[in-house]
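Visitor: Please show me the model, and then I will ask about it piece by piece.

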Amino acid sequence: MSLRVALKNMAALCEQLSAQIADAEKHAEPPHIKGYRFQKWFREECRKRRMPVRRKTGSSHVDLIVNSKRVQCKNLTPNASGQVFLQPGQSTYYMPEDFDVLAMLCCDRLYIIPIDALPKTNGHITIQIRPARMHRWVDAWHVFGDFVFAADQKTLFEGDFSDGR
(Lines give C-alpha, C1' and ligand atoms only; values in the text may rest on other atoms or scores of the structure.)
Protein backbone atom coordinates (compact mmCIF):
# COMPACT_ATOMS: atom_id res chain seq x y z
CA MET A 1 0.00 0.00 0.00
CA SER A 2 1.36 3.37 -0.93
CA LEU A 3 1.82 6.20 1.55
CA ARG A 4 -0.84 8.24 -0.24
CA VAL A 5 -3.46 5.48 0.17
CA ALA A 6 -2.51 4.98 3.84
CA LEU A 7 -2.90 8.73 4.52
CA LYS A 8 -6.23 8.79 2.71
CA ASN A 9 -7.48 5.85 4.83
CA MET A 10 -6.25 7.55 7.98
CA ALA A 11 -8.03 10.79 7.07
CA ALA A 12 -11.27 8.88 6.47
CA LEU A 13 -10.89 7.17 9.85
CA CYS A 14 -10.32 10.54 11.56
CA GLU A 15 -13.49 11.92 9.95
CA GLN A 16 -15.47 8.91 11.20
CA LEU A 17 -14.12 9.33 14.72
CA SER A 18 -14.89 13.06 14.69
CA ALA A 19 -18.46 12.33 13.63
CA GLN A 20 -18.83 9.73 16.41
CA ILE A 21 -17.48 12.16 19.02
CA ALA A 22 -19.79 14.94 17.83
CA ASP A 23 -22.74 12.54 17.98
CA ALA A 24 -21.80 11.42 21.51
CA GLU A 25 -21.52 15.05 22.66
CA LYS A 26 -25.00 15.77 21.30
CA HIS A 27 -26.39 12.96 23.43
CA ALA A 28 -24.36 13.72 26.58
CA GLU A 29 -26.41 14.44 29.66
CA PRO A 30 -26.60 18.03 30.88
CA PRO A 31 -24.85 18.55 34.24
CA HIS A 32 -28.09 18.84 36.21
CA ILE A 33 -29.25 15.43 34.92
CA LYS A 34 -25.90 13.87 35.80
CA GLY A 35 -26.23 15.39 39.29
CA TYR A 36 -29.80 14.16 39.68
CA ARG A 37 -28.78 10.61 38.75
CA PHE A 38 -25.99 10.69 41.34
CA GLN A 39 -28.39 12.03 43.97
CA LYS A 40 -30.83 9.21 43.20
CA TRP A 41 -28.03 6.61 43.31
CA PHE A 42 -26.74 7.99 46.63
CA ARG A 43 -30.24 7.90 48.12
CA GLU A 44 -30.53 4.23 47.10
CA GLU A 45 -27.13 3.46 48.63
CA CYS A 46 -28.31 5.00 51.91
CA ARG A 47 -31.44 2.87 51.79
CA LYS A 48 -29.39 -0.28 51.15
CA ARG A 49 -27.48 0.53 54.32
CA ARG A 50 -30.80 1.04 56.11
CA MET A 51 -29.96 4.68 56.82
CA PRO A 52 -32.78 7.16 57.26
CA VAL A 53 -32.80 9.32 54.12
CA ARG A 54 -35.15 11.92 52.67
CA ARG A 55 -35.08 14.34 49.80
CA LYS A 56 -34.89 17.97 50.80
CA THR A 57 -37.06 20.32 48.79
CA GLY A 58 -37.05 24.09 48.89
CA SER A 59 -33.29 24.44 49.41
CA SER A 60 -30.68 25.12 46.77
CA HIS A 61 -27.80 23.87 48.95
CA VAL A 62 -29.24 20.76 50.56
CA ASP A 63 -30.22 17.78 48.40
CA LEU A 64 -30.85 15.08 51.01
CA ILE A 65 -31.19 14.58 54.73
CA VAL A 66 -29.35 11.47 55.94
CA ASN A 67 -29.68 10.71 59.65
CA SER A 68 -30.47 14.37 60.39
CA LYS A 69 -27.43 15.59 58.45
CA ARG A 70 -27.92 18.00 55.54
CA VAL A 71 -26.17 16.59 52.47
CA GLN A 72 -25.04 18.38 49.31
CA CYS A 73 -24.60 15.86 46.46
CA LYS A 74 -22.12 16.56 43.66
CA ASN A 75 -21.01 14.51 40.66
CA LEU A 76 -17.81 16.23 39.57
CA THR A 77 -15.02 15.71 37.08
CA PRO A 78 -11.56 17.03 37.95
CA ASN A 79 -9.75 19.41 35.64
CA ALA A 80 -6.26 18.76 34.22
CA SER A 81 -4.61 19.71 37.51
CA GLY A 82 -6.79 17.29 39.48
CA GLN A 83 -9.07 19.89 41.06
CA VAL A 84 -12.84 19.98 41.24
CA PHE A 85 -14.82 23.15 41.71
CA LEU A 86 -17.63 23.51 44.24
CA GLN A 87 -19.67 26.50 43.30
CA PRO A 88 -23.46 26.71 43.52
CA GLY A 89 -23.73 29.61 41.08
CA GLN A 90 -21.86 32.05 38.86
CA SER A 91 -20.50 34.29 41.61
CA THR A 92 -21.71 32.62 44.79
CA TYR A 93 -20.04 30.31 47.28
CA TYR A 94 -21.10 27.67 49.75
CA MET A 95 -20.97 28.79 53.36
CA PRO A 96 -20.18 26.39 56.24
CA GLU A 97 -23.76 26.67 57.49
CA ASP A 98 -25.24 25.64 54.09
CA PHE A 99 -24.87 21.88 54.65
CA ASP A 100 -23.28 19.33 56.99
CA VAL A 101 -21.84 16.73 54.60
CA LEU A 102 -20.63 16.78 51.00
CA ALA A 103 -21.34 13.56 49.08
CA MET A 104 -19.14 13.79 46.01
CA LEU A 105 -18.71 11.31 43.18
CA CYS A 106 -15.40 11.94 41.44
CA CYS A 107 -13.34 9.56 39.29
CA ASP A 108 -15.63 6.64 40.19
CA ARG A 109 -15.02 7.15 43.91
CA LEU A 110 -17.56 8.23 46.47
CA TYR A 111 -16.30 10.84 48.91
CA ILE A 112 -18.40 11.51 52.01
CA ILE A 113 -16.81 14.58 53.54
CA PRO A 114 -17.99 16.40 56.67
CA ILE A 115 -18.16 20.18 56.37
CA ASP A 116 -15.40 20.60 58.96
CA ALA A 117 -12.94 18.71 56.72
CA LEU A 118 -13.48 20.97 53.69
CA PRO A 119 -10.97 23.79 53.16
CA LYS A 120 -12.30 27.30 53.79
CA THR A 121 -11.24 30.71 52.52
CA ASN A 122 -12.56 34.05 53.78
CA GLY A 123 -15.41 32.36 55.63
CA HIS A 124 -16.73 30.35 52.66
CA ILE A 125 -15.91 26.86 51.47
CA THR A 126 -13.00 26.84 49.04
CA ILE A 127 -14.31 26.04 45.59
CA GLN A 128 -11.12 24.25 44.50
CA ILE A 129 -10.73 20.84 46.08
CA ARG A 130 -8.19 18.16 45.22
CA PRO A 131 -9.91 14.77 45.68
CA ALA A 132 -6.48 13.10 45.91
CA ARG A 133 -6.01 14.90 49.24
CA MET A 134 -9.39 13.70 50.49
CA HIS A 135 -8.63 9.96 50.29
CA ARG A 136 -9.54 9.39 53.95
CA TRP A 137 -13.15 10.30 53.09
CA VAL A 138 -13.62 7.66 50.35
CA ASP A 139 -16.72 5.62 51.28
CA ALA A 140 -16.73 7.25 54.73
CA TRP A 141 -20.26 6.17 55.64
CA HIS A 142 -19.33 6.51 59.32
CA VAL A 143 -19.71 10.30 58.88
CA PHE A 144 -23.46 9.81 59.25
CA GLY A 145 -22.95 8.23 62.67
CA ASP A 146 -25.35 5.92 64.44
CA PHE A 147 -29.02 6.11 63.65
CA VAL A 148 -32.20 4.94 65.26
CA PHE A 149 -35.18 3.59 63.36
CA ALA A 150 -38.58 5.07 63.99
CA ALA A 151 -41.64 2.89 64.42
CA ASP A 152 -42.98 4.06 61.06
CA GLN A 153 -40.34 2.90 58.54
CA LYS A 154 -42.26 4.40 55.62
CA THR A 155 -41.98 7.98 56.86
CA LEU A 156 -38.34 7.37 57.69
CA PHE A 157 -37.35 6.28 54.20
CA GLU A 158 -39.79 7.93 51.82
CA GLY A 159 -41.22 11.30 50.96
CA ASP A 160 -40.18 14.90 50.73
CA PHE A 161 -40.18 17.62 53.30
CA SER A 162 -39.20 21.25 53.21
CA ASP A 163 -38.92 22.32 56.83
CA GLY A 164 -35.94 22.56 59.15
CA ARG A 165 -32.55 20.95 59.00
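Visitor: Is Glu44 buried, partly exposed or exposed?
Guide: This is a predicted model, in which local features need pLDDT of at least 70, side-chain atom pairs count only at pLDDT 80 or more, and totals for chains, interfaces and linings use all residues. Residues are numbered from 1 along each chain as its sequence is written, and side-chain values use heavy atoms, leaving out hydrogens and water. Buried means under 20% relative accessible area, exposed over 50%, and partly exposed in between (1.4 Å probe, protein chains only). Glu44 has a relative accessibility of 35%, so it counts as partly exposed.

Visitor: Is Lys48 buried or exposed?
Guide: Lys48 forms a salt bridge with Glu45, with the closest N and O atoms 3.1 Å apart. Both lie in helix α2, three residues apart. Glu45 is buried, at 11% relative accessible area. Lys48, by contrast, has 63% relative accessibility, so it counts as exposed.

Visitor: How many strands are in the chain?
Guide: Helices (H or I, at least four residues) and strands (E, at least two) are DSSP runs, numbered from the N terminus. From that end, the elements run α-α-β-β-β-β-β-β-β-β-β-α-β. The chain has three helices, and its strands number ten.

Visitor: What percentage of the residues count as buried?
Guide: The chain exposes about 10,600 Å² (Shrake-Rupley method, 1.4 Å probe; for residues, only the protein chains shown count as cover). Carbon and sulfur atoms supply 53% of that area. Of the 165 residues, the buried share is 34%.

Visitor: Over which residues does pLDDT stay under 50?
Guide: pLDDT is the predictor's confidence in each residue, from 0 to 100. The chain averages 77, and 76% of the residues score at least 70. The stretch under 50 has 33 contacts (heavy atoms within 4.5 Å) beyond four places in sequence, and it covers residues 148-165.

Terms used: A salt bridge is a side-chain nitrogen of Lys or Arg within 4 Å of a carboxyl oxygen of Asp or Glu.
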